[in-house]
Amino acid sequence: MVVEREAVKEIPKKAGNMSEWYTAVALKAELADYSPVRGFMAIRPYGYALWEGIQSWLDRRFKETGHVTAYFPLLVPESLLQKEAEHVEGFAPQVAWVTHGGDEQLAERLAVRPTSEAIILPMYAKWIQSYRDLPVLLLQWNSVVRWEKSTRLFLRTAEFLWHEGHTAHRTSDEADAECRLILSIYKTLLEDVLAIPVLVGIKPSSERFAGADNTYTLEALMPDGQAIQAGTSHFLGQNFAKAFDVKFLDSDNQEKYVWSTSWAVTTRLIGTLIMAHGDDRGLVLPPKIAPYEVVIVPILGKSDETVLRAANALADTLRGRFRVKLDDRDAYTPGWKFNEWELRGVPVRVEIGPRDVAADQVVLVRRTGRTKDAVRLDAAPEAIATALSEIQQELYGQSKIYLDDHTSVAATLDDSIHDLQARKGFVKVGWCERQECEDTLRERTGASPRVIPLDEQPSGEKCAVCGNPAKVWVYWARAY
RNA sequence: CGGGGCGUAGCGCAGUUUGGCAGCGCGCGUGGUUUGGGACCACGAGGUCGCCGGUUCAAAUCCGGCCGCCCCGACCA
């Protein structure tokens, strides 16, 4: 039986102040730390392993869809950044500038990329001549800098890691299909791997990416009732092609501008993951993304030779099938290790001690329930596989129930205001698509329109603000 | 950027009101005993009290300025 003495002492309750809880978990689980440079963070190996998990899953998918990886410069000349008017206006307040090379002042200052459209599209102009060169399906794994006023580990840092995809297409339809393909890949990543259910759709024009004709988005709901954007996919139309003169000769011998897209998910996903599943004992990681799916804790005592040998043999057996950590450090007691690995979110723990070796069994403990089950040694791999798959489903299921329970429909302005001010999640409202109705709701609630769903259309409902026929549904929420 | 709080050993803090030897717990090192839910004993290492200036015989403590961090709001992936 689990004896509750002092649980994890250093972590505040999640239900209390979620911000304090979040920061404590990110630091104590050794995911990241504050760095000497204000607003920037150091990602520690355990946190980076989560990012590598996301990377390798996406790289596998992108290989299947024909996307290839490239790399473009860190610095963007000011003149290039200024070519797309809306783009530069949108990012100007957040750009960091390089003004000197060594001692000498530069003739033209260079932006540290806040995103790379302005340095990639000029290259596309050189590389694309004919419709036969299309589509171009590139992405790069890199970091970008946005000078943020207030920052939080993973959720908002002045520098963050991401991949940014940049594609160029022959037709508008093809570019739009690309955006939707990426959206579906991201949705699978969020729901099947990270176990976080999302609403998908498009942003109202007021929330679009600077320079885009359309922005697709994935919105998740955090346990404090606030929404968070988990990924974006932008249909850029011909805006950037025209600004950077990216043209091709089509089969009809006409010179045309390409249609481009850009899309990204960032290390913010790690912050989202922490909040979505963690509890008062720390991190809870979905098995599919956990750096270690299984941790083996040998209970060493006087008979430590036998136990250690059994633990090593078990680790070798399991390693063929799972990501395994054998924690054979002798400086820590088993109880200390139990708490440590729970804090770090490992889904399944296997305890093996003298009693188990004698009985030819191991003790299996799930991070989610923490009940102890004795399992015959030869049945352990199957039992672990079952536990991992059930934990994965359990985490998604809980989050899905939370999302559904915290999504309401409001038919009137008063209801919308009431529901949004209660801060309990998404409020779905009908909208006539007029800016003034959106502005009214923003001012009255402090919330923002997060997403217009792709698969739901109003059928006779009215705009919650003005009462005219609603053209679309919009999910509103307070947001990170 | 507004409101509030804080800065003293790696971490968490006491000491500041009333100026007078820089402390406690955890962690860390060594040795030993331990090990099934954060073990115990002994010895030990570790400090420009955020920074700069002022008052004073004497400043962690009083005064002035600056910097940084956290929380709550407004803006941002």
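Directly after helix α14 comes G446, which has a positive phi, near 75°. The model is a predicted one. Helix α14 covers residues 435-445, and its buried members are C437, E438, L441 and T445. Viewed along the axis of α14, these buried residues lie within an arc of 100°, so they line one face of the helix. An α-helix has 3.6 residues a turn, so residues three or four places apart point the same way. Q435, E436, D439 and E443 are exposed on the other side of α14. The cover over the buried residues of α14 includes α13 (413-421), β21 (426-431), β22 (448-453) and β23 (472-477).

**Backbone exceptions**

Most residues other than glycine have a negative phi, and most peptide bonds are trans.

| Site | Backbone angle | Loop location |
|---|---|---|
| L134 to P135 | cis, omega near -5° | P135: between α5 (117-127) and β7 (136-145) |
| N253 | phi about 65° | between β12 (247-249) and β13 (255-257) |

Are F154 and N253 buried or exposed? F154 counts as buried because 27 C-beta neighbours lie inside 10 Å, and 20 or more are required for that class. N253 counts as exposed, because it has 6 C-beta neighbours inside 10 Å.

**The RNA surface**

RNA strand B is surrounded by 47 residues, of which S19, T333, G335, G353 and R355 are the closest. By type, the residues of this surface divide into 20 charged, 14 nonpolar and 13 polar. At least two residues each come from α1 (18-28), α10 (334-343), α11 (354-359) and β18 (361-366). Helix α10 gives the most, with eight residues.

Helix α11 also holds D356. D356 is buried, because 22 other C-beta atoms lie within 10 Å. Apart from neighbours within four places in sequence, D356 is in contact with Q361, V362 and V363. R376 is 20 residues away from D356 along the chain, and their C-alpha atoms are separated by 9.0 Å.

In soluble globular proteins, nonpolar side chains tend to be buried together. The largest nonpolar core here has 130 residues, and A26, L190, L194, A220, V294, I296 and W476 touch the most other members. Helix α6 (residues 172-193) supplies the largest share of this core, nine residues. Leaving out residues up to four places away in sequence, V294 touches L318, F322, V324, V348, V350 and I384.

**The chain as a whole**

Chain A contains 14 helices and 23 strands, and 42% of its 480 residues are buried. Among contacts in chain A with a separation of 6 or more, 68% join residues 24 or more positions apart. The C-alpha trace spans about 80 × 55 × 50 Å along its principal axes. For 480 residues, a compact globule would have a radius of gyration near 23 Å, and the 25 Å of chain A agrees with this.

Methods: Residues numbered from 1 in each chain as written. Chains lettered and ligands numbered in written order. Predicted model: local features only at pLDDT ≥ 70, side-chain atom pairs only at ≥ 80, totals over all residues. Near = placed C-beta within 6 Å. Helix = DSSP H or I, 4+ residues; strand = E, 2+ residues; numbered from the N terminus. Nonpolar A, V, L, I, M, F, W, Y, C, P; charged D, E, K, R; others polar. Core = buried A, V, L, I, M, F, W, Y, C linked by C-beta atoms within 7 Å. Buried ≥ 20, exposed ≤ 12 C-beta atoms within 10 Å, placed from the backbone. Contact = placed C-beta atoms within 7 Å. Arc of directions from axis to C-beta. Rg over C-alpha atoms; globule rule 2.2 N^0.38 Å.
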